[in-house]
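Q: I would like to learn how to read aromatic pairs and a ligand's surroundings in a model such as this one. Could we go through them slowly, with the general idea before each case?

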Amino acid sequence: MTAELDRIAPVIDSLGEAFARSGFELALVGGPVRDAMLGRPHNDLDFTTSARPEETEKILRTWGEALWDMGRDFGTIGTRKGPWQVEVTTYRSEAYEADSRKPSVAYGTSLADDLVRRDFTVNAMAVRLPGREVVDLYGGVVDLATRVLRTPGTPEASFSDDPLRMMRAARFAAQLGFEVAPEVVAAMKDMASRISIISAERVRDELVKLICAPFPRRGLSLLVETGLAELVLPELTALKMERDEHNRHKDVYEHTLTVLEQSIDQEKRLGGGPDFISRFAALMHDVGKPRTRKFHDDGTVSFHHHDVVGAKLTRKRMKALRFSNDEIDAVSSLVELHLRFHGYGDGEWTDSAVRRYVRDAGDQLERLHILTRADCTTRNRRKADRLARTYDALEARIERISEEEELAALRPALDGNQIMSLLDISPGREVGAAYKFLMDLRLDEGVLSEDEAAKRLLAWWAERS
Ligand code: ATP
Ligand code: MG
């Protein structure tokens, strides 16, 4: 902890002195204290102070580089200094009205008041500045050492004040890899239904953090086990029941978590850190299965069109959780396309089929490669190897065709203006039909010269008229 505090010393010491000079208390609090103790470097520094927002603003204006006012109503002023993002919040003592969605914020008068309303003991520690006195009133240090999430007061009181904390328990379990204390899990089970008073946006934000965490399986299992998933992501819980009476086919829930982990293993292909779209697509790829399951007389089971049904369910769920249209389109198209590769068989896809695969995947092609490869959880090594090799061959083919033609920007040989002047028509449905004809031609036959395309278009037009 000392090492990490020394690293951030330039910021915390000078800010602590600035507040002290003005006669206010200041303490580093919450996430950065927890992470300093875990030896995890942090550039987002949260502070709590006895100063009111106007006073904080005055101090930060001279101390920081750029000021922003992220939630003056909640008493938070932010600034930046070098690589550090700083947020300073006035002491709070929140009073919640029963069943109201929002806490009514009241300023508190002491650090102790402020800490008692925090979610977990490991998040309820502070370091007073500039002296660096550690304040741990609820045993956070011990809980951090034993890697357990516990609430400062009773979990029932805490969750009834703010039911979002139940989601946060699952999120921190996934981020930190900690256990959740048994009494906290019990309270989550009892009180799961209270999550309904929380806005979809806030639930979504916790879910995204959970899924992007290092141990999403832990957080997701907790959501399912406590009944929270039933309310915020029921499609996941439904997978769990997806076993036939003889347990002959794989448990789809277990399969899904494995696919998620296998897709995380391939994330470096995307070049960045955790990728929510890719992870959520893995989580949702089979949600169409429960609805489409059929048992046949010969003892087999089928899930016809679970890709299409799954894409629809995904869209609906993401809408309810207020995701952006871009995110919804991306994830649902991955779900819809996750089976397409299996038509590839032993590599006898036509060039046309390969082009359509690329076209339909669009911006999501790289993620589709990841999802399709991850969606193989068979224990049969030879089968897994065969699938991997077939997919290698498909990717190689995409590569080859891309070199020969600009697959990334698939476009017909003639544009709308050329179509209109060639056919001597004005804008309207006919232009769209002609465009589609040329696009199909492009997909089926590859690059055509403008002359050849014009000839084919005129022939098509003559036949049509
Ligand atoms: P990160 O920012 O890395 O996601 P964090 O621990 O900083 O993690 P935030 O959501 O930023 O988490 O919250 C900052 C701090 O505020 C927490 O450490 C916790 O002490 C407190 N806190 C945030 N939300 C709540 C809540 N709903 N109930 C109680 N305390 C909360
Ligand atoms: Mg934070």
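A: Rings of Phe, Tyr and Trp (its six-membered ring) pair if their centres lie within 6.5 Å, and planes under 30 degrees apart count as stacked, over 60 as edge-to-face and the rest as tilted. This is a predicted model, in which local features need pLDDT of at least 70 and side-chain atom pairs count only at pLDDT 80 or more, whereas totals for chains, interfaces and linings use all residues. Residues are numbered from 1 along each chain as its sequence is written, ligands are numbered from 1 in the order in which they are written, and side-chain values use heavy atoms, leaving out hydrogens and water.

Q: How many aromatic pairs does the structure hold?

A: The structure holds 8 aromatic pairs. One of them joins F276 and F280, stacked at 5.2 Å centre to centre with 20° between the planes, and F276, F280 and F323 form one aromatic cluster.

Q: Is F280 buried or exposed?

A: Buried means under 20% relative accessible area, exposed over 50%, and partly exposed in between (1.4 Å probe, protein chains only). F280 has a relative accessible area of 0%, so it is buried, and F276, at 9%, counts as buried too.

Q: Which residues come nearest to ligand 1?

A: A residue is near a molecule if one of its heavy atoms lies within 4 Å of it. Of the 14 residues around ligand 1, the nearest are R34, D162, R165, R168 and R171. A polar side-chain atom of D162 lies 2.7 Å from a nitrogen atom of the ligand, while an N or O atom in the side chain of R34 is 2.8 Å from one of its oxygen atoms.

Technical notes: A polar contact is a pair of N or O atoms within 3.5 Å; within protein, one must be able to donate a hydrogen and the other to accept it, and residues adjacent in sequence count only if both atoms are side-chain atoms.
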